[in-house]
Amino acid sequence: MIRVKVIFYSGLFLSFLCASGLMLYFGKETFHVSSEQRKAEEFAYHFVLIPEEVDNAYWRLVEKGARDAAKVHGVYVDYIGPKQANREEHVKTFHAAIAGRVDGIMVQGGEDPALLELLAKAKQKGIPAVTVDTDSPKSSRAAYIGTNNYYAGFLAGQALLKDTSGSQYVGIVTGRFQSANQKLRVDGFKAAVQQEKRIQIMGIEESNITKIGAVEAAYRLMKQHPGITALYGTSALDAAGIAGVATYLRRDDMYVIGFDTLPETLALIKAEAVRASVTQNPYEMGYKAVESLVKIKNGESVEPLQHTPTRVIRKNDLVKEPV
Ligand code: BGC
């Protein structure tokens, strides 16, 4: 019996060693910029940007902003994260960045306890971390750079009130139920419309931040609640998916409001398939996140809450001034 226990605990210990070793190795391999490379390219710092989903067009704009600021400040930026939105992958990447001892971390925030722990750990290791796009207000992050998501949701609710009359039966397509920014956009929206008896929220479905997911979510909502007159999409690709379904089901009367100003959404606003969208400034988020980390590294203080601009645009705004 004792022998079995010894074998069991030795096995456990060995696998623990292997796992920690792998994590360290992965962190170092992924994030290590050799001192020669550093000298050769004269990087002042090595930062990592961890998005919700690497190839998402919205996050590519955050990356562009970060890379442009990095050029100005002589910083090396790694852009690494989940291929498809996934909390575990996200946290793993964060863990590896800390293990790789980078000089600063920009990460999509949230309320996930594992993420909060890592924000605390980064601080403890002397690695400044800022949240972008989504905040973790209860964490030890150095700053948040991004939209005030509750307010942005509130703006969407106000737009619906302004643009419609009579009873409205609303379906919500949200990026991910888990994401703090998506929850805030739903809460803000509800707060704006809750006093109005003519507005009824019929249901909410998840798109998993993909266009095809938004198509499926909108389809489910419209099938379950055929009386729906308005659909609100809370992440960047949702409006395009919703508009596709509305067109397919010949519901040209559907009021569609979405988020962001990706090219497809703008084209749909021009074509009147999407009536309005809440703008964000992902490029500025990336740019300011790098600037903030540079300031922190240089011993300067930074504003902890840096809200980037947000407003509602409609077809008229596109004709007046291109966004
Ligand atoms: C949100 C991001 C999200 C993206 C997905 C944006 O509106 O701000 O958090 O990852 O949509 O497409």
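Residues are numbered from 1 along each chain as its sequence is written. In this predicted model, local features need pLDDT of at least 70 and side-chain atom pairs pLDDT 80 or more, whereas totals for chains, interfaces and linings use all residues; side-chain values rest on heavy atoms, without hydrogens or water.

**View 1. Residues around the ligand.** The ligand is surrounded by 13 residues (a heavy atom within 4 Å). E52, W59, D133, R185 and D260 are the closest. By class, the shell holds 4 nonpolar, 5 polar and 4 charged residues (Ala, Val, Leu, Ile, Met, Phe, Trp, Tyr, Cys and Pro are nonpolar; Asp, Glu, Lys and Arg are charged; the others, Gly among them, are polar).

View 2. For W59, the distance from a polar side-chain atom to a ligand oxygen is 2.8 Å (polar contact: a pair of N or O atoms within 3.5 Å). The protein buries 100% of the 310 Å² that the ligand exposes when taken alone (Shrake-Rupley method, 1.4 Å probe).

**View 3. Domains contributing to the shell.** Domain 1 (2–147 + 282–307) and domain 2 (149–279) each supply at least three residues to the shell around the ligand (bounds from an automatic or database domain assignment).

Key
A polar contact is a pair of N or O atoms within 3.5 Å; within protein, one must be able to donate a hydrogen and the other to accept it, and residues adjacent in sequence count only if both atoms are side-chain atoms.
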